[in-house]
There are 2 protein chains.
Amino acid sequence: MTITSHSPQQEILRVSTGSNPTAVAGAVAGAIRNHGTAHVQVVGAGALNQAVKAVAIAQGYLEDGELELICVPHFADIEIDGEARTAIRLDVEDRQHRLPGHHSNL
Amino acid sequence: MTITSHSPQQEILRVSTGSNPTAVAGAVAGAIRNHGTAHVQVVGAGALNQAVKAVAIAQGYLEDGELELICVPHFADIEIDGEARTAIRLDVEDRQHRLPGHHSNL
């Protein structure tokens with residue numbers, strides 16, 4: 001797993017086949033606690049598998065009876081070593097854009 | 001891709017490595033049009049890859065400027081040929097539980 005600074009506020013979590021889903025889940029939960037969202041990027045089936053497992057695990061880490069983690073998948077054209085590749089980006093966040101510990105009172 | 005009747009109202013889409021993401025996307029879009037949600041089940045990285053691609057493609061099929069397809073991933077314990085396996089279930093639906101063509105007027 002590589003964490004790349006995307007902006008001063010938000011990073012992209014680049015997950016690979018060899019990434020540990022538990023470690024990625026911790027990073028996802030941390031990004032959601034800090035920013036309300038996690039941007040995960042993968043290339044290939046093995047990497048996507050680790051990323052989706054991580055989201056299911058992160059749901060447990062953030063469990064407080066309120067948050068519901070969802071993924072919004074997008075295709076992304078990227079370049080690796082000068083070659084065009086199609087990555088999958090998963091934007092992970094609470095369904096209602098809530099932050100952990102900041103429950104809305106609707 | 002196998003479609004298994006889960007209840008009279010709703011089916012589970014069982015996606016495999018060999019499934020065509022475009023065909024799965026059509027089935028996902030159809031389930032969302034009819035029921036507001038699609039239940040996709042996969043075992044293994046290749047199958048998950050086809051399923052997530054299908055969700056990204058289905059977003060385009062349902063594009064009307066309103067719907068935003070999201071996935072909620074869960075682990076599911078299933079049995080295949082008498083062997084215990086861990087599947088991943090993706091519940092796919094609009095972020096605000098909207099149906100295509102049925103926009104809420106909040």
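Colleague: Which residue's side chain does Glu68(B) meet in a salt bridge?

Modeller: Keep in mind that this is a predicted model. Glu68(B) sits in the loop between helix H2 (45–61) and strand E4 (69–80) of chain B, and its partner lies in the segment after strand E5 (83–94), 27 residues apart. The N to O distance is 3.6 Å, and the partner is Arg95(B).

Colleague: Is Arg95(B) buried or exposed?

Modeller: Buried means under 20% relative accessible area. Glu68(B), with 28%, is partly exposed. Arg95(B) has 2% relative accessibility, so this residue counts as buried.

Colleague: What about chain A: how far apart are the closest N and O atoms of Asp94(A) and Arg98(A)?

Modeller: Both residues are tucked away: Asp94(A) is buried at 0% relative accessibility, and Arg98(A) is buried too, at 15%. They form a salt bridge, and the closest N and O atoms are apart by 2.8 Å.

Colleague: And which residue does Asp91(A) meet in a salt bridge?

Modeller: Asp91(A) comes out at 15% relative accessibility, so it counts as buried. The side chains meet at 3.8 Å, N to O, and the partner is Arg89(A).

Colleague: Which residue of chain B is linked in a network of salt bridges with Glu68(A) and Arg95(A)?

Modeller: Here the network takes in residues of chain A and chain B. Glu68(A) and Arg95(A) are the chain A members, and the chain B one is Glu93(B).

Colleague: How many salt bridges are there over all chains?

Modeller: A pair counts when a side-chain nitrogen of Lys or Arg is within 4 Å of a carboxyl oxygen of Asp or Glu. Over all chains, the count by that rule is eight.

Notes
Residues are numbered from 1 along each chain as its sequence is written. Chains are lettered from A and ligands numbered from 1 in the order in which they are written. This is a predicted model: local features need pLDDT of at least 70, side-chain atom pairs count only at pLDDT 80 or more; totals for chains, interfaces and linings use all residues. Side-chain values use heavy atoms; hydrogens and water are left out. Buried means under 20% relative accessible area, exposed over 50%, partly exposed in between (1.4 Å probe, protein chains only). Helices (H or I, at least four residues) and strands (E, at least two) are DSSP runs, numbered from the N terminus.
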